[in-house]
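Here are a few exercises to work through with the model open beside you. Try each task before reading its solution.

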Amino acid sequence: MPDLIVQNLNQRHITVEPGQTLLKAVQAAGIDWMHACGAKGRCTTCRIIVLQGMEHLGELSPAEQRYRSNHRLKDNERLTCQCMLQGGNVTGKVPEQTKLPHQVYS
């Protein structure tokens, strides 16, 4: 199964099950991740900066397309509550703006 590797969480490898969003996989691994709207695609607080493997993520969701067109989601960012791995590993990092104060980042 493909992994999400979070660079600034000590290179943490998180297995992503088929049909599982990145956010659900992160939560299943016991990691807190900002998601102010409750994972409904109504904000951008759950975004991840994709460093490698963007091609392994599915198509942009309608919410992600809307945020891209409004310039609130950069070309190298995805919403973890919306995207799923289609195969292969993805490496990303938590943006500075959405780091949680109680989480230890590397």
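Buried means under 20% relative accessible area, exposed means over 50%, and partly exposed is in between, with a 1.4 Å probe and protein chains only. This is a predicted model, where local features need pLDDT of at least 70, side-chain atom pairs count only at pLDDT 80 or more, and totals for chains, interfaces and linings use all residues. Residues are numbered from 1 along each chain as its sequence is written, and side-chain values use heavy atoms, with hydrogens and water left out. Helices (H or I, at least four residues) and strands (E, at least two) are DSSP runs, numbered from the N terminus.

**Exercise 1. Look at the hairpin of strand 1 and strand 2, and find which residue takes a positive phi near 55° there.**

Start with the pairing: strand 1 and strand 2 run antiparallel over 4 bridges (DSSP must find at least two bridges for two strands to pair). One spot to check is D3, which sits opposite T15 in strand 2. Now go to the turn. The hairpin has 5 residues between the strands, and N10 is the one with a positive phi near 55°. Then try Q11, in the loop between strand 1 (3–6) and strand 2 (12–15). Q11 isn't a glycine, yet its phi is positive too, at about 55°. With 43% relative accessibility, Q11 is partly exposed.

**Exercise 2. Where is A39, and is it buried or partly exposed?**

First place it: A39 is in the loop between helix 1 (22–28) and strand 3 (47–52). Next, the backbone: A39 has a positive phi of about 65° without being a glycine. Last, its relative accessible area is 29%, so A39 is partly exposed.

**Exercise 3. Work out which residues of helix 2 are buried and what they pack against.**

Pick out the buried ones in helix 2 (residues 62–69): A63, E64, Y67 and R68. They share one side of helix 2 because they cover an arc of only 135° around the axis, taking directions from the helix axis to the C-beta atoms. Those buried residues pack against strand 4 (77–79), with contact meaning heavy atoms within 4.5 Å. Just past helix 2, H71 has a positive phi of about 65°.
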